[in-house]
Amino acid sequence: MGCTMDDDNEVIIDVSTFDPHFRDEIAKEPGGEHIRRCFSCGTCTAGCPVGGVTEKYNPRRIIHMALLGMREQVLTSEFVWLCSVCYTCYERCPQDVRIPELMNAVRNIAVREGHVPRTFHLQLEKLRAHGRLYEIEDYENARRAEYDLPPIHEETAEVCQILDAMSAREKK
Amino acid sequence: MAGYALYLGCTVPVRGMNYEMAARKVAHRLGIQLTDVDGFSCCGFPAKPLDWKAGLLMAVRNLALAEAQGLDVLALCSACTGTLTEADYRLKGDPELRAWANERLADLGRTYNGTVRVRHFARVLYEEVGIEALREKITVSLGDFGFAQHYGCHYLKPSHLYDGFDDPENPQSLARLIEVTGARVVPYEDEGQCCGGGILGFDEETALSVTKQKLDHVAAVGADAMVLICPFCAIMYEANQRRVESLYATSYKLPVLYYPQILGLAMGFSPQEMGFKLNRVKPRGLMAAFRAESEGG
């Protein structure tokens, strides 16, 4: 990707907006502990199945942005949600940065600041209503019976209790 | 053979009933006792990106239900296996976190002491039943067929959760399980690649372009079917196959089978018993062979 004079304003980074403590904030978040080990070798990106099909997701770039302190850009980005959590990079990283867990830590911080992608809102609604991502009510149990499979009863009360406690933490 | 609580998760009991049918019948024939535990919910995988503690508690709650029955957990979904195993692993290594989780569980009238083992069905077949014992149960050879294996991600990785039972970079277990049916394992490019399912909800176009790569690689080697062990991988490769075909103006018509379905055929079950009616892309050659088999017999 070459840079022309025209896109300088988008490409040049303004260090005065950086948050030098962002790396520490991530390191304190479970999953993010090893962020400062990264030496930007790019092993993660080289084997990434998502990075292989789109430039939108590049784990080395995201980690580097986080280390620089580009807090706002990272937390409001789409790209932290593009990790497919396949753990390929987790196995290969020579510095044990544990990238999928690191991405999850960044996601958790982003969520606490109100950045929740729509798909996760929808999944949460399903979990609250059915205790699972796909409902199993009379229709589904009738289909299961056609194949001699036993009925399943949805469990929602305890799941809602767990999720309500989560929402309370988010609001703090 | 020890008994297990059958953990179905969200996807299998609704969108992978063929997997469930085959797994139950094969397990029964092999003497693996599966118990349905009332009250199991989602494993917690979808909650982790929002709040890891909520995800952890959902997982531990399920483990507590199995523990109360004195049962280990047998899961069919690889993501469920990973999530439940991770929760158990974290609590075992972190007494403070375990105390915190048990305080929260106490509000639900539950407790978890960490006595439950979590296993994927394929791992149980490979490790606990064992290839040689399986071989003794094979009555019909699938020698005329070649399958492309797909391990998926969470069955093997992160490997520290799985005691090194198989090598995440060069796995063997599914290949050995396929070969015991008499079938060939057909190698193809980039076998370890992810299905893309983890980002389907967030960015469908990107997810499906990941899916397409493997469909292309498998189509290139002319396997009779893809064989896999995770319901979400099946959603990507089978349920979304026509969508990929229309998006990219291509055609695969690639059958996608759950491993217990082919093991069951080799053990003498019929395609109907193994739920092939629910496979969207029919493995016509395989089904024709079994029709001939039953007519001939």
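Me: What makes B:Tyr259, B:Pro260, B:Gln261, B:Ile262, B:Leu263, B:Gly264, B:Leu265 and B:Ala266 of α11(B) count as buried or exposed?

Reply: Those residues are buried. The label buried goes to a residue with 20 or more other C-beta atoms within 10 Å of its own, exposed to one with 12 or fewer, and partly exposed to those in between, with C-beta atoms placed from the backbone. Eight of the eight residues of helix α11 (residues 259–266) of chain B pass, so this helix is largely enclosed by the rest of the structure. A helix here is a DSSP run (H or I, at least four residues), numbered from the N terminus.

Reply: Bear in mind that this is a predicted model, where local features need pLDDT of at least 70, side-chain atom pairs count only at pLDDT 80 or more, and totals for chains, interfaces and linings use all residues. Residues are numbered from 1 along each chain as its sequence is written, with chains lettered from A and ligands numbered from 1 in the order in which they are written.

Me: Why is α3(B) called roughly perpendicular to α5(B)?

Reply: Helix α3 (residues 52–68) of chain B and helix α5 (residues 95–107) of chain B pack at about 70°, their axes 10 Å apart. Roughly perpendicular covers 65 to 115 degrees, so α3(B) gets that label against α5(B).

Me: Which residues of α3(B) make the contact?

Reply: B:Leu56, B:Leu57, B:Val60, B:Arg61 and B:Ala64 do, meeting B:Ala101, B:Arg104 and B:Leu105 of α5(B). Contact means C-beta atoms, placed from the backbone, within 7 Å.

Terms used
Axes fitted to C-alpha atoms, helices over the stretch in contact; angles between N-to-C directions. Helix = DSSP H or I, 4+ residues; strand = E, 2+ residues; numbered from the N terminus. Parallel < 35°, antiparallel > 145°, perpendicular 65-115°, else oblique. Contact = placed C-beta atoms within 7 Å.
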